[in-house]
Amino acid sequence: MFRTWTKAIIPLSKLRAPMHQTYARVAAAPIIDDKVEPVVNLDKMFWSKPCSLALPRDSPLRVDEPDYQGVKRFMLKLMLFYSKQSKSIRGANVVYKRIVSQVDKPLIYEVFNLEKTFKTTFSLLILHMWFYLRRIKQEGSEGVEFGQYLYEIYNHDVELRVSKAGVNLLLIKWMKDLEKIFYGNIVAYDAAILPEAKPGDFASIIWRNIFSDDGSSTPDKAALQSVQALARYAQREVSCMTLTDKEALLSGNFMFTSLKHEIKSKEGHQL
């Protein structure tokens with residue numbers, strides 16, 4: 001896996017990651033401003049009991065299906081706007097915006113002491129895609145189909161990011177390499193979270209996939225606290241996703257754990 005990273009990412013690893021969403025517009029999923037300058041105690045974070053990530057019915061952050069009436073609704077029905085496929089594609093776009101919103105926030109890099117490069121952004125994008133895809137598979141064939149729509153949106157976005165990062169030649173080859181990394185990471189996360197996995201396996205995978213630049217399997221002492229905190233965050237998000245209902249997942253009406261809120265809650269306990 002590290003050889004694939006070396007071939008595909010190292011030339012881009014020090015470039016700033018382009019973070020603009022350029023896929024087809026749908027109803028916007030609002031992005032929360034998490035700009036703070038916290039003094040973070042990582043050892044105290046992400047220990048709280050998991051909970052559903054679904055947005056309340058009265059949340060201003062919800063994105064609901066447009067409810068057109070009269071002639072406009074009739075015409076849209078003829079154009080298959082309300083077909084299952086169309087609704088799924090709109091939902092998948094909102095879901096992807098939720099994922100990108102979490103990965104784009106400067107705070108996620110500040111909290112976990114990560115440099116914002118193409119490699120780290122891409123790795124965090126895969127991690128959050130895994131949170132969602134792992135959960136949506138539990139909804140059977142409907143979830144698998146929805147996950148495929150999401151993956152196509154993700155794949156298009158990654159292609160645009162690679163192009164903006166400076167790769168104009170051999171783009172197809174690069175995308176194949178990045179696809180291998182995506183599936184390799186997904187398989188590794190799935191294996192590391194199984195009940196029979198060793199206690200430190202998940203943190204080791206987080207280190208190799210996100211933090212390590214040389215393919216080493218053991219976190220160095222300087223990064224250990226950040227690696228363990230990101231591993232706790234990831235495992236908690238997996239549990240939170242399990243508690244999130246199907247309607248919220250398919251409509252995109254959920255939000256990942258707010259790092260800003262997590263920091264503030266820990267600061268409050270310390271006062």
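I began with a definition: a patch is made of residues with over 30% relative accessible area and no salt bridge, nonpolar side chains being joined within 5 Å. I applied this to the predicted model and found a nonpolar surface patch of about 570 Å², made by Val71, Phe74, Met75, Leu78 and Met79.

I then turned to the aromatic rings. I noted 19 aromatic pairs in the structure. I looked up the pair of Phe46 and Tyr233, which is edge-to-face, with 5.4 Å centre to centre and 65° between the planes. I placed Phe46 in the loop between helix 1 (2–8) and helix 2, and Tyr233 in helix 9 (residues 221–242), so this pair ties together parts that are 187 residues apart in sequence. I recorded Phe46 as buried because its relative accessibility is 5%, and Tyr233 as buried with a relative accessible area of 0%.

I next examined Tyr189 and Phe202, whose ring centres are 5.9 Å apart with planes at 40°, so the pair is tilted. I found Tyr189 in helix 7 and Phe202 in helix 8 (residues 201–211), so the pair ties together parts 13 residues apart in sequence. I noted that both Tyr189 and Phe202 are buried.

I also traced a cluster linked by ring pairs, with Phe46, Tyr189, Phe202 and Tyr233 among its members.

Finally, I looked up Asn185, which is in helix 7, residues 171–192. I recorded Asn185 as buried because its relative accessible area is 0%. I noted a separation of 8.0 Å between the C-alpha atoms of Asn185 and Leu127, which are 58 residues apart along the chain.

Definitions and conventions. Residues numbered from 1 in each chain as written. Predicted model: local features only at pLDDT ≥ 70, side-chain atom pairs only at ≥ 80, totals over all residues. Heavy atoms only, no water. Helix = DSSP H or I, 4+ residues; strand = E, 2+ residues; numbered from the N terminus. Buried < 20%, exposed > 50% of the residue type's maximum accessible area, 1.4 Å probe, protein only. Patch = residues over 30% accessible without salt bridge, like charges linked within 9 Å, V, L, I, M, F, W, Y side chains within 5 Å. Areas by Shrake-Rupley, 256 points an atom, 1.4 Å probe, with all protein chains shown as cover. Salt bridge = Lys/Arg side-chain N within 4 Å of Asp/Glu carboxyl O. Phe/Tyr/Trp six-rings, centres within 6.5 Å; stacked < 30°, edge-to-face > 60°.
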